[in-house]
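Hello,

Here is the structure I promised to hand over. My notes follow below it.

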Amino acid sequence: MSTNQQTGTFDLGEASSVSELELQAPQSRGANYSVERARPGLPSSSAKRLAKGLGWFSIGLGLAELLAPRAIANISGVSNKHTGLIRLYGLREIGAGITIFAQEKPTEGVWSRVVGDAIDLASLGVAATNPNAKLGRVAFATANVLAVTALDVVCAMQLSSSTNRGIQAKGSCFINLPPEEVYSFWRNFENLPRFMRHLESVRDLGDGRSHWKAKGPAGTEVEWHATIIADVPNEVITWRSLEGSDVDNAGAVRFERAAGNRGTILKVNLEYNPVGGVLGAAVAKLFGEEPEQQLDDDLRRFKQVLEVGEVVVSDATLLGTGYTAQRPGQPASAKELESAEMLPSETATNYGSEGRYTER
Amino acid sequence: MRANCWYGKTMVSVSDVPDPQILNQRDAIVKITSTAICGSDLHLYNHFIPTMKSGDILGHEFMGEVVELGREVTNLKVGDRVVVPFPIACGRCFFCKEQMFSLCENSNPNAWMAEKMFGHSPAGIFGYSHLTGGYAGGQAEYARVPFADVGPIKVPDHLSDEQVLFLSDIFPTGYMGAEMCDIKPGDTIAIWGCGPVGQFSIRSAFLLGAERVIAIDQVPERLQMAEDGGAETINYEEQNVYEALMEMTGGRGPDACIDDVGMEAHGPTAIFAYDRLKQAAGLETDRPHALREAIMCCRNGGIVSVIGVYGGFVDKFPLGSLMNRSLTIKSGQAHVQRYMRPLLQMIENGDIDPSFVITHRMSLEDAPRGYDMFKNKKDNCIKVVLKPDWDRTNGANGRDESYTVVH
C-alpha cells in the first residue's frame with residue numbers, strides 16, 4: 001500500500017483477536033471513511049460498564065432480600081413463609097455483586113449471576129404451583145427476572161468472548177506543529193526508534209511493509225513484520241503485524257488539527273499480545289513497564305524530538321523515567337553514560353533556527 | 001567535582017561527584033562562581049517535597065562562566081559570564097511562546113510524576129526533586145544547563161556577582177509576586193513574609209507604583225530590612241494581623257496581598273499547632289496560614305498573589321471569603337526568563353541593588369552549615385551565598401559585617 005490517498009476501514013473492535021485483522025482487508029470506501037472507526041479494540045469496556053450496573057443491581061436486590069424478605073415475598077406474590085430462603089438468596093446476590101466489583105474483568109461474577117437467575121426462575125416456578133400463590137404477581141416477577149437474565153447472559157458472553165484480547169494502550173499529546181509535519185515525521189517509520197524507548201530499529205521494506213525490532217522483557221529481542229492498513233495523509237495511519245510475528249500487534253495514530261490552528265492533537269491506540277502472554281505482562285508491570293505509561297513517555301519524547309529537536313534528558317532519567325530507573329540528580333559517570341538506554345545524540349534531528357526539524 | 005548533595009531529611013553534605021557533560025545539543029556547562037541557598041531549598045531540606053532521592057544535588061540559584069557549549073547554542077561563547085534562571089524552558093513549546101517559561105512542556109522528563117501530584121506538569125527545575133525533572137542542581141562547582149540558548153543571560157563585567165546573582169530566582173520571583181497585583185498608583189499592598197523573596201516583593205511593589213507597602217513577619221532583623229526598604233511592618237507575634245491591617249487601612253483592607261511565605265508558614269500558636277499536627281500526620285501537605293490570612297484581609301474585589309511555594313493540599317481554605325468578595329487569585333512559579341532582561345536593566349540603572357539581601361557569604365564546602373543557619377535563622381541569617389572559590393579563612397561564619405541589625 002502506498003502513501004497516496006488511500007482509505008480503508010480498520011476496527012479492531014470487530015475482530016476478536018489481532019490475528020483476525022488479517023481477514024479485514026482494507027476496502028476503499030471513499031467518503032464513508034470514518035476516522036473515529038480507526039480506534040482499535042474497545043468492546044470489553046461497554047461490557048464492563050454493563051457488568052458494573054448488574055453488580056449494583058445485585059447488591060441492591062440482595063440487601064432488600066436480606067433486610068425486607070416479607071416485602072419481597074409480597075411483591076413477587078409468593079408465600080411469606082420462605083423468608084429464610086429469600087434471605088439466603090439475598091446473600092447470594094450480594095456475593096455475586098461483590099465478585100463483580102472485585103474482579104478487574106468480572107466474567108465469573110456475571111456468569112454466577114446467570115446461575116442465580118436460573119435458581120430464581122426455578123424457585124418462582126415452584127412457587128407458582130403453590131395454591132396460595134398470587135399468580136399475577138408471580139408472572140410479573142418472572143417476567144422481570146427473565147429480562148435481567150437476558151442482560152446477564154449478553155454481558156457474560158461479551159466478557160467471555162473478549163477474554164483473549166491483548167493489552168491495549170491509548171495516549172495523546174499536543175504538538176506545536178501543523179498535522180502535515182507531524183504526519184510526515186511519523187509516516188517515516190524509521191524515525192520511530194528515536195523516541196520509542198523499546199524499539200531498536202524499523203526498516204521500511206516499501207509497499208507499506210516494514211520490519212520492526214524491539215527489546216523484549218529480560219533482555220530478549222523480538223521482531224515482526226508490519227503492514228499499513230490505512231494511510232490517510234495528515235489524518236491517520238493504522239498498521240498491524242503480519243502472521244508469524246514474535247508479538248502480534250496493531251495500532252492507529254490520528255493527527256487532528258487543533259482548534260485555532262495551534263498545532264496537532266496526536267492520538268495513538270495500540271493493541272498487542274505481550275511476549276509471555278498475560279503472565280509476561282504481569283511480570284513486566286512489576287518492573288514498572290506499564291503499557292500506558294510507556295506510551296505516554298514515548299509520546300512525550302516524540303513531542304520533544306519534534307519541538308525541541310531531540311529527546312530531553314535529566315541526570316535522573318538517563319536510564320529511564322520509571323521509579324526504579326531513576327538515578328540520583330547528579331551527573332553520571334562515563335561508565336553509567338555508556339549503559340544509558342538512549343542518549344539524546346541518537347535521537348537528534350538538526351534544527352534550523354526557524355524551529356522545524358530536518359533529517360539528520 | 002564537589003557538590004552539595006541531599007541524603008535525607010535535614011541531611012546535606014558536600015561530596016565528590018562526576019563532572020557534568022553535554023548531553024543535549026542545546027546544553028552548556030557552567031563553572032559556578034556564586035550560588036545561593038533559597039527558601040524553597042528548605043522545603044527540600046526538611047523533606048516536605050516528595051520524590052527526592054539520596055544523592056540529589058541541590059541548588060537552583062547560580063551563575064558562573066560558560067566553559068563548554070553544545071553545538072546548537074549559538075548565542076553564547078565559552079568564557080561568557082551568565083546568570084542561569086531556575087526554571088528550565090525549551091523556548092519552543094506553546095507555553096514558552098506565551099512567555100510562561102515555568103510551564104514549559106518539554107523540560108520535565110519526569111512529567112508523569114508531577115501529573116500524578118498536580119494533574120499537569122510544570123517545567124523542569126534545577127536541583128528541585130524528581131517530580132520537576134531530577135536535574136542536578138547548582139550548589140556545585142559545575143552545572144549542566146539545558147536550553148542554554150533560551151535561559152542564561154549574559155551579564156556585564158562592571159556588575160558584581162552579588163548584584164546579578166538573584167536574577168536567577170528571588171528577584172524575578174519577588175517582582176512577579178508584585179506584578180501580579182496589577183498595582184495602580186495609590187495602592188496599598190500587604191506582604192506576608194519578609195524573607196529574601198518578600199524583601200524583593202516589597203521593593204518591586206514600590207518600583208511598580210505602590211504608595212504603601214505593609215510587611216508582615218516575626219523576625220526582628222527581617223522586619224528591620226523591610227522597613228529599610230520603605231515598608232510599614234506588622235510583627236504577628238505582637239499584633240493581631242487582621243486587626244492591625246484593618247486599622248491601618250480604615251477597615252477596607254489592602255488593595256492586594258502577596259503570600260511570600262508558602263507551605264511552611266508559622267503563625268499564632270493554636271493555628272500553627274493545628275496545621276503542624278495535620279502536616280506531620282500526612283493529612284495535609286502544606287501549612288497555608290499566611291494564605292488564609294491574606295485572603296481574609298484583602299479588600300473586596302482585591303487580588304491575592306501567591307508566589308510562596310506550595311507542594312500539595314491544604315485544609316480549611318476560606319473559599320467562601322474568596323468567592324463572595326470577588327477576590328482574584330494569581331499564582332505561579334516565576335517565569336524568570338521573562339523578567340531577566342528588564343530587571344538587569346533596572347540594576348544597571350541603579351534603581352535597585354539586589355545584594356542588600358545577603359547576610360552571609362561562605363565557601364561551597366560550608367553548605368551544610370549554611371542550611372542549618374538559614375533554617376534556624378541563626379546569627380540573624382537572611383540570605384546565604386556560597387562560593388566554590390571562597391577563602392575559608394575569611395571569618396568564621398562568612399558574616400557580612402557591613403550589614404548591621406537594629407533590634
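Confidence first, since this is a predicted model. Among the elements of chain A, helix H6 has the highest mean pLDDT, 94. Strand E9 of chain A (residues 357–358) has the lowest, 38. The average for chain A is 77, and 75% of its residues score at least 70. Please treat two stretches with care. Residues 1–43 of chain A stay under 50 in pLDDT, and the model gives them 77 contacts beyond four places in sequence. Residues 349–360 of chain A are also below 50, with 19 contacts beyond near neighbours in sequence.

Now the make-up of chain A. It has nine helices and nine strands. Of its 360 residues, 37% are buried. Take the contacts in chain A with a separation of 6 or more: 58% of them link residues 24 or more positions apart.

The sheet in chain A comes next. Seven strands form an open sheet with antiparallel pairing, in the order E1-E7-E6-E5-E4-E3-E2. Strands E1 (167–175) and E2 (199–206) of chain A stand at the edges. Each has a single partner strand, so one side of each is left without a neighbour in the sheet. On average, neighbouring strands of this sheet are turned by 20° against each other, direction ignored.

Within that sheet, E6 (residues 249–257) and E7 (residues 264–272) of chain A pair in the antiparallel sense over nine bridges. A:Asn249 has A:Tyr272 in E7(A) as its bridge partner. Helix H6 of chain A (residues 179–187) lies across E1, E5 (236–241), E6 and E7 of chain A. H6(A) runs at about 160° to E6(A).

On to the contact between the chains. Chain A gives 30 residues to it and chain B gives 36. On the chain B side, strand E1 (2–8), strand E4 (56–57) and helix H3 (111–118) each supply at least two residues. That side of chain B has 16 nonpolar, 14 polar and six charged residues.

E1(B) also has a partner in its own chain. Six bridges join E1(B) to strand E2 of chain B (residues 11–16), and the two run antiparallel. B:Arg2 stands opposite B:Asp16 in E2(B). The hairpin of E1(B) and E2(B) has two residues between the strands, and B:Thr10 takes a positive phi near 50° there.

Then the cores. The largest nonpolar core has 162 residues, and B:Val30 and B:Ile189 have the most contacts inside it. What does B:Ile189 touch, leaving aside its neighbours within four places in sequence? Its contacts include B:Cys181, B:Ile183, B:Ala205, B:Val213 and B:Ile258. A second, separate core has nine residues, among them A:Leu54, A:Ala96, A:Ile100 and A:Ala156.

Is B:Glu72 buried or partly exposed? It counts as partly exposed, because it has 19 C-beta neighbours inside 10 Å, and a buried residue needs 20 or more. B:Glu72 and B:Ala148 are 76 residues apart in sequence, yet their C-alpha atoms are 9.2 Å apart in space.

Best wishes

Methods: Residues numbered from 1 in each chain as written. Chains lettered and ligands numbered in written order. Predicted model: local features only at pLDDT ≥ 70, side-chain atom pairs only at ≥ 80, totals over all residues. Pairing = 2+ DSSP bridges. Helix = DSSP H or I, 4+ residues; strand = E, 2+ residues; numbered from the N terminus. Axes fitted to C-alpha atoms, helices over the stretch in contact; angles between N-to-C directions. Contact = placed C-beta atoms within 7 Å. Buried ≥ 20, exposed ≤ 12 C-beta atoms within 10 Å, placed from the backbone. Nonpolar A, V, L, I, M, F, W, Y, C, P; charged D, E, K, R; others polar. Core = buried A, V, L, I, M, F, W, Y, C linked by C-beta atoms within 7 Å. pLDDT = per-residue confidence, 0-100.
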